[in-house]
Amino acid sequence: MKSQTLKENKDFKRLYYRGSSKASSCIVTYAMKSRARGCRYGITTSKKIGNAVERNRSRRVIRAAFSQLEGRINGSWDFVFVARSKTSRVKMQRVYAEMEKQLKALGVINESN
């Protein structure tokens with residue numbers, strides 16, 4: 001089942017204040033159990049990251065990494081991924097590895113998968 005995107009500001013704020021988070025040098029992940037069916041995710045990139053080209057590349061890299069991990073997620077979750085200034089300059093595999101490590105630490109995906 002394909003995940004949906006978060007668009008409402010209240011959903012982002014709910015994850016920032018009530019969700020669990022893990023951070024690394026290239027991505028910050030907020031996660032929270034959801035009652036909705038399936039997974040929902042949102043990506044934020046601030047203007048501190050750089051110009052529009054860098055922000056769009058950051059979003060594209062995060063989206064690609066999440067789409068590869070999507071099938072391994074247990075249950076219904078909401079996620080917000082926050083890009084860091086380093087995100088636009090690293091390869092997708094690096095973001096994928098960081099995201100996988102963070103999702104395992106948050107208990108979203110099993111260690112065995």
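F79 is buried, and F81 is buried too; buried means under 20% relative accessible area, exposed over 50%, and partly exposed in between, with a 1.4 Å probe and protein chains only. The model is predicted: local features need pLDDT of at least 70, side-chain atom pairs count only at pLDDT 80 or more, and totals for chains, interfaces and linings use all residues. Residues are numbered from 1 along each chain as its sequence is written, and side-chain values use heavy atoms, with hydrogens and water left out.

Aromatic rings were examined next. Rings of Phe, Tyr and Trp (its six-membered ring) pair if their centres lie within 6.5 Å; planes under 30 degrees apart count as stacked, over 60 as edge-to-face and the rest as tilted. F66 belongs to helix α2 (residues 52-69) and F81 to strand β5 (residues 77-83), so the pair ties together parts 15 residues apart in sequence. F66 and F81 are both buried. F79 and F81 form a stacked pair, with 5.8 Å centre to centre and 15° between the planes. One aromatic cluster is formed by Y41, F66, W77, F79 and F81.

The protein has three helices and five strands. These are DSSP runs, numbered from the N terminus: helices are H or I with at least four residues, strands are E with at least two. Along the sequence, the pattern is β-α-β-β-β-α-β-α.

Overall dimensions follow. The C-alpha trace spans about 35 × 35 × 25 Å along its principal axes. Of the 113 residues, 45% are buried. Contact means heavy atoms within 4.5 Å. Among contacts between residues at least 6 apart in sequence, 79% join residues at least 24 apart. The accessible surface comes to about 6,600 Å², and 47% of this belongs to carbon and sulfur atoms. Accessible areas come from the Shrake-Rupley method with a 1.4 Å probe; for residues, only the protein chains shown count as cover.

K22 lies in strand β2 (residues 20-23). Its relative accessibility is 36%, so K22 counts as partly exposed. Beyond its neighbours within four places in sequence, K22 is in contact with I27, V28, T29, Q102, A105 and L106. K22 and S85 are 63 residues apart in sequence, and their C-alpha atoms are 16 Å apart in space.
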